[in-house]
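Let's walk through this structure together, one piece at a time. Have the model open beside you as you read.

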Amino acid sequence: MRVLIVEDDDILRDGLKVGLALAGFTTDAVGTCDAAVTALAANGFDAVVLDLMLPDGSGLDILRDIRARQNDVPVLLLTARDTVRDRVAGLDTGADDYLGKPFDLDEVAARLRALSRRSSGRARAALEWSTLKLDPARQSVEQAGKPVQLSRREYSILHTLMSHPGVIFSKTKLEDKLYGWQEEIESNAVEVHIHHLRNKLGPGLIETIRGIGYRLGGAG
Amino acid sequence: MQSLRTRLFAILLITTGLLWLSATVWIFLSTRAEVERVLDARLMEAARMVNSLIVSPDMMKEEGDGDGEAGRPPQSAIKIPLLEHPHYDRQLSCQIWSLDGTLIGKSDSAPDMTLAPHATGFSETVINGETWRVFAVENASLGVRVLVGDNLRIRDRLVNDLVKGLLLPALLIIPLLAVLIWLSVGRGLAPLRKLAGDLAAREASDLHAIEDAGTTREISPVLKSLNGLFARVAGAREREQNFIAFAAHELRTPLAGLKTQAQVALASNDGEIREKALGQIVAGVDRTGKLVRQLLDIASVEASESARPAAGFDVGEILANLRTEPVGQAYRVDVVIDGAMSGLRISMDQDLFRLAARNLLENAIHHSPPGATVWCRTARREQHLVIAFDDEGPGIPEEEMPRVTERFFRGRFKAAAGSGLGLSIVERALDRAGAELELRNREGGGLSARIVLPLSLVEAAARPQN
């Protein structure tokens, strides 16, 4: 799950970037409205963590801009102003959730998972496909009740595919979900991770659609 | 509390009443004068008439002979034609005396004593306690004197009856007038009452302008200044709310950063990540510490309402001390202090100057790229001494210039360690100490932040020659 963090405070931005990565998210972070708008134009994010007070404008302006472009990416507002009026203004502008500073890192992660769940129309926390069960909160995977050990990248690919069963993901799109901007993408990495996943979970789980990409197979 | 309506009512009633009273007095006096003039004329006319009636000396003689004794009222006294009126009955009295002092004849109402001692003209005489106004005519050819008199008591009654006739309607009208005044004042004050009602019905937090349309010319200025006041209060409240919002942001964000980094350190098994997070926590605590120091600085500048007595000190010494403080060390920035500073002594509150200089120096250092130089220079400009802190940073965008001294304002080129309080502190501190802050973007890039102080604060011996 790829998350954009928009926060102008260096220490907090770094903390969120590293902390959310530890919680299983792929993170990118920017510090200004301008950079946020540019990043969001690329449209590869599953959620946005947005600070309200930025040096070159208000987070609410970015939010308005996102919604005006018909972009429905879930947005979690972070702000020091947490009076009822501020919260109402934020939610009514199109935010999906709201957290007052200082917050708990685990809570940010949990709320992001919940936002992602709801945006794909699910209510249950765990993802299931056939005998496979993925729990985003614990970053754990079970097959037929038995835990399976996956690397971070393998888990991310499986999470992406299971979040949207039936949808075909191109290799580039999977790379987007896997790597932040600063991370170097190894060539063939996606193929290698999928190969490993097939080894661990059975060859029929991930179908290759020639020339297009991958999707979950062996209908559950 | 006094009621405006009662007050106006009382004023109008008293002035109207006084007007009525003086009009009545005036009418009374002029009526009496007129009545007296008319009655005097009548007296005179009556006396002349009686005199002309006594045409024949024989008649007088006959009468006189018939009665024989002088001083006795004649039985067949000459009938003097008088106007009869039940109320003013016997107003005129008439006596006819012979010149040698014998009463020849008199009217019924006339007293027996002589009405007047004198020969001719008007006079007033008191007889039996009653005052008479008398006109005398002497008829030398007949040897008689005719006296016609008016009883003043009756005259006064006539005048009084006239005035009473004027006063009675007035007494009836005054209560009616009072009621009318009361109602009119109430009606006249309606716009004021409406304004008071509008104001009373407002909630304390409602600072919208009051509708000015349809109001009276007298209330309009009140409304205008009230609306002006509302606008000022609303502005102040908005600034306060902005300040609270900024303060909340600046205080809570570092805490959120610290907590997040701490949680990262706790959650990670990776030694490198943990170490980096702990490093961030240390930096965050430093920054929060600076924020706390600046908040305390603001409080102390605000608290020193009256500037402390100025004391002379050496500017170069203070700047040299500031340079060695740890703040500059970590930034690999050179600070060059102009040689002219040493020995430059100024006389002002040393703590305020130090506060201002430290914040300006810190700003210059924090906005400088690594390896850059910050210059502290001094120069004389007309009647002022300028102490400048010139850096090689990005400067301040012109459109942000007016706002940079606002508390918690952080511009586009903010320093990582900034809080948005520094320039606000500098401006206040210099203002307290009688100096000014001047900010200019330098031509070659960078900012020149200047302390501008009047030469009167510079100790004479140390004034730079320029």
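Helices (H or I, at least four residues) and strands (E, at least two) are DSSP runs, numbered from the N terminus.

Some ground rules come next. This is a predicted model, in which local features need pLDDT of at least 70 and side-chain atom pairs count only at pLDDT 80 or more, while totals for chains, interfaces and linings use all residues. Residues are numbered from 1 along each chain as its sequence is written, and chains are lettered from A and ligands numbered from 1 in the order in which they are written.

Let's stay with B:G316 for a moment. A residue is buried if 20 or more other C-beta atoms lie within 10 Å of its own, exposed if 12 or fewer, and partly exposed in between, with C-beta atoms placed from the backbone. B:G316 counts as partly exposed because it has 19 C-beta neighbours inside 10 Å. Two residues are in contact if their C-beta atoms, placed from the backbone, lie within 7 Å. Leaving aside residues up to four places away in sequence, B:G316 touches B:I337, B:M341, B:S342, B:G343 and B:L344.

Now for each chain as a whole. Chain A has eight helices and 13 strands, and buried residues make up 40% of its 220 residues. Chain B has ten helices and twelve strands, and 27% of its 466 residues count as buried. Among contacts between residues at least 6 apart in sequence, 56% in chain A join residues at least 24 apart; for chain B the figure is 65%.

A nonpolar core is a set of buried Ala, Val, Leu, Ile, Met, Phe, Trp, Tyr and Cys residues joined through C-beta atoms within 7 Å. The largest such core has 41 residues, of which A:V3, A:V6, A:V49, A:L50 and A:L76 touch the most other members. Helix α5 (residues 105-119) of chain A gives the most to this core, with five residues. A second, separate core of 39 residues includes B:V333, B:L355, B:L423 and B:L430.

How do two helices of chain A meet? The axes of α6 (residues 152-163) and α8 (residues 189-201) of chain A come within 9 Å and cross at roughly 85°; axes are lines fitted to C-alpha atoms, for helices over the stretch in contact, and angles run from 0 to 180 degrees between N-to-C directions. That makes α6(A) roughly perpendicular to α8(A) (under 35 degrees counts as roughly parallel, over 145 as roughly antiparallel, 65 to 115 as roughly perpendicular and the rest as oblique). On α6(A) the contact is made by A:R153, A:E154, A:I157 and A:L158, and on α8(A) by A:H193, A:I194, A:H196 and A:L197.

Between the chains, the contact takes 26 residues from chain B and 19 residues from chain A. On the side of chain B, the largest share, 15 residues, comes from α5(B).

Finally, a word on confidence. The model scores ipTM 0.76 and pTM 0.60. The mean pLDDT (the predictor's confidence in each residue, from 0 to 100) of chain B is 81, and 86% of its residues reach 70 or more.
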